[in-house]
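Please read it beside the model itself.

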Amino acid sequence: MPYTAATVQLLSPEGAIVVNDVSAPYAHYIDDLSEQQLREFHRQMVVMRRFDTEAANLQRQGQLALWIPSIGQEAAQVGSGYAARPQDHIFPAYREHVVARIRGVDPVSIIAMLRGISHGGWNPAEHGNFHLYTLVIGSQTLHATGYAMGIQLDGNMATGNPDADEAVLVYFGDGASSQGDVSEALVFASSYQTPQVFFLQNNHWAISVPVSRQSRTPLYRRAAGFGMDGIQVDGNDVLASYAVTRASLDTARAGEGPQFIEALTYRIGAHTTSDDPTKYRDSAEADFWIAGDPIKRFEAYLRSRGEGDAFFAELAEEADDVAADARRKTLELVNPTAAKIFEHVYSEPHPLMDEQHAWLRDYEAGFERDRA
Amino acid sequence: MSTQSMSLARAINAGLREALLADAKVVLMGEDIGPLGGVFRVTEGLQAEFGDTRVIDTPLAESAIVGTAIGLAMRGYRPVCEIQFDGFIFPGFDQITSQLAKLTSRHEGSLTMPVVIRVPYGGHIGAIEHHQESPEAYFAHTPGLRVVTPSTPHDGYWMIQEAIASNDPVIFFEPKSRYWPKGDVDDAASGIPLHASRVAREGSEVTLLGYGPMVSLLLAAAEIAAAEGTSAEVIDLRSLSPIDYAPVIASVQKTGRLVIGQEAPGFVSIASEIAATVTERCFYSLEAPVLRVTGFDTPFPPAKLEGLYLPDADRVLEAVDRAMAY
């Protein structure tokens with residue numbers, strides 16, 4: 001049983017509202033949600049699970065070098081993703097596909113990255129301030145902290161207007177919690193009292209290494225050592241993930257210092273399509289988490305509120321459409337040209353880039369000349 | 001126009017001050033750079049003048065200094081980080097090489113990374129381990145970075161301002177052994193661009209090429225060579241990435257001989273790279289193989305041995321003699 005007495009949960013695994021002392025302070029965030037928002041939460045979870053399956057299929061069919069599944073983590077991502085306000089900046093690790101879509105990144109951009117067409121490439125300023133994926137584990141926590149220091153230097157926080165004050169939300173995982181950069185980010189954030197939320201998705205596995213190898217203490221308790229509050233939330237509960245992140249971001253933007261959330265969830269699938277979890281983990285563990293599946297849980301909740309079959313049927317159809325659309329767009333992706341090797345390595349002219357690009361053009365043209 | 005005599009440390013300080021005055025987005029960050037003014041006093045007085053939000057003392061963590069500078073640059077700031085000593089840059093190496101150097105490319109042009117990382121480097125100061133190293137080749141080898149090093153107070157004053165004005169990341173190596181000697185700084189004009197190399201002394205029979213702390217040593221060697229009847233031209237490379245080859249090639253075509261000096265170990269180094277390129281481009285002009293005078297391929301030794309480890313004028317002249325003997 002990974003949950004503790006401190007775990008904030010608003011929906012039980014059966015989809016019933018939970019009322020207890022730990023959760024009570026967050027309940028009002030849910031009361032403020034409209035029916036439309038609740039449906040939207042569910043829509044994103046269902047659509048992105050379907051998308052994820054399609055992307056994995058594309059990998060198996062040789063269309064992608066790799067896929068990074070996010071199945072099982074939809075509630076942690078939908079809840080936290082919708083908790084951010086439009087002006088907030090989000091620094092993902094590399095499994096936050098659901099948050100990416102919420103913030104306006106076409107998930108096909110992520111597919112393009114894993115197909116070998118780009119290293120990311122979207123402009124965060126035009127995509128909901130959702131920054132590029134970072135593959136070196138934990139590095140982005142420092143970028144997020146620096147960005148939050150910038151917000152602070154700009155004075156765009158703590159004015160009392162939550163619709164204007166900015167905050168940063170940074171994602172990382174249980175594996176990253178062991179990285180030095182993450183500790184350094186927590187030190188800097190705490191030292192300067194930056195407006196940011198550290199959102200740790202504890203999916204219990206860093207490839208083949210269990211969280212028990214990363215930490216002998218529940219990860220949310222690490223925060224205290226850095227001088228900030230740590231909150232543990234049921235990351236398979238979309239309502240709790242939303243409420244806790246909403247509260248934490250608003251606390252941070254109000255100038256009350258950085259916040260730390262550990263969302264308990266589970267990587268139902270493999271680390272990536274290159275991995276084989278049957279070699280290192282027990283299926284009984286996965287069964288526990290599948291029983292508390294975020295989508296099943298939220299569907300039960302919505303049905304208990306009177307949502308009917310029509311909505312869920314319509315959603316399944318929409319998810320299939322999104323998947324089909326992603327497949328079509330994937331197969332239509334155009335491979336980059338040689339210019340992509342040299343362009344943008346520097347933002348200002350650089351003689352080596354010019355020389356080497358010219359050399360390659362001439363070399364390639366040589367084959368054309370030979371053929372002519 | 002006004003010319004003043006000052007040390008390199010003071011000249012970089014003056015250049016930083018100009019940059020802070022010119023652009024409110026310029027912030028300095030590093031360990032002990034506030035009230036102390038840095039262990040070499042390069043930032044002396046700047047926090048008092050500009051406040052602790054422009055000149056930011058950081059916790060002791062190099063990866064975080066660089067990593068948060070990246071975040072600040074994403075926000076529109078132009079951070080100038082101080083790494084306290086050459087050998088302490090490696091905790092920040094991943095953020096520099098995997099992040100700072102690649103972010104512009106990863107963003108396909110929508111993001112620039114105007115971050116400067118100042119690094120006091122080199123030996124001749126009798127210091128303990130990790131305090132006398134020359135790690136410039138690692139950074140020059142990394143695509144996406146620009147790497148420069150001044151050798152004079154005048155260049156220190158101007159090059160730091162030009163580095164801060166660059167929209168690309170610049171690793172700015174400051175030769176510790178040259179921090180204190182004074183030289184003229186003309187604050188009216190830089191003379192040449194950030195990435196230009198420069199002929200520091202004209203000569204006709206052999207070219208001596210170096211950068212940073214080596215330049216004064218090469219000039220001293222050229223003086224001795226002249227007294228012994230050999231005319232040596234001295235080139236101050238100034239920029240290690242990119243390298244401005246035009247003056248180098250013009251010089252070697254004239255002299256036919258090239259001796260490259262550096263404090264860093266010679267294996268896979270700036271000197272190796274230049275030797276290969278000059279051999280390709282000046283093959284028919286060369287009267288002798290390109291020779292390298294470098295630190296040995298060992299860890300920097302305890303300071304009592306640095307005089308044996310580091311190239312000196314005699315070792316340069318020995319190479320000149322070998323080049324002239326062909």
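The points below go from the domains and the chain contact to a helix pair and a sheet.

1. The model is a predicted one, in which local features need pLDDT of at least 70 and side-chain atom pairs count only at pLDDT 80 or more, while totals for chains, interfaces and linings use all residues. Residues are numbered from 1 along each chain as its sequence is written, with chains lettered from A and ligands numbered from 1 in the order in which they are written.

2. Chain A is divided into domain 1 (24–332) and domain 2 (339–371), the bounds coming from an automatic or database domain assignment. The C-alpha centres of domain 1 and domain 2 of chain A are 39 Å apart.

3. For chain B the assignment gives domain 1 (3–186) and domain 2 (198–325), and their C-alpha centres are separated by 26 Å. Their contact (C-beta atoms, placed from the backbone, within 7 Å) takes 23 residues from domain 1 of chain B and 21 residues from domain 2 of chain B. On the domain 1 side, α6 (136–140), β6 (146–148) and β7 (170–175) of chain B each supply at least two residues; helices here are DSSP runs of H or I with at least four residues, and strands are runs of E with at least two, numbered from the N terminus.

4. Between the chains, 33 residues of chain A are in contact with 32 residues of chain B. On the chain A side, α6 (139–154), α7 (180–192) and α15 (351–371) of chain A each give two or more residues, and α6(A) gives the most, with 11 residues.

5. Within chain B, helices α3 (residues 62–74) and α4 (residues 93–100) pack at an angle of about 30 degrees with their axes 7 Å apart, where axes are lines fitted to C-alpha atoms over the stretch in contact and angles run from 0 to 180 degrees between N-to-C directions. The two helices, α3(B) and α4(B), are therefore roughly parallel to each other, a term used for angles under 35 degrees. Among the residues making this contact are Val66(B) and Ile70(B) of α3(B) and Ile96(B) and Leu100(B) of α4(B).

6. Also in chain B, 5 strands form an open sheet of mixed pairing, in the order β9-β11-β10-β13-β14, two strands being paired if DSSP finds at least two bridges between them. The edge strands are β9 (198–201) and β14 (291–295) of chain B. Strands β10 (residues 206–210) and β11 (residues 232–236) of chain B pair in the parallel sense over 5 bridges, and Leu209(B) has Ile235(B) as its bridge partner in β11(B).

Technical notes
Parallel < 35°, antiparallel > 145°, perpendicular 65-115°, else oblique. Contact = placed C-beta atoms within 7 Å.
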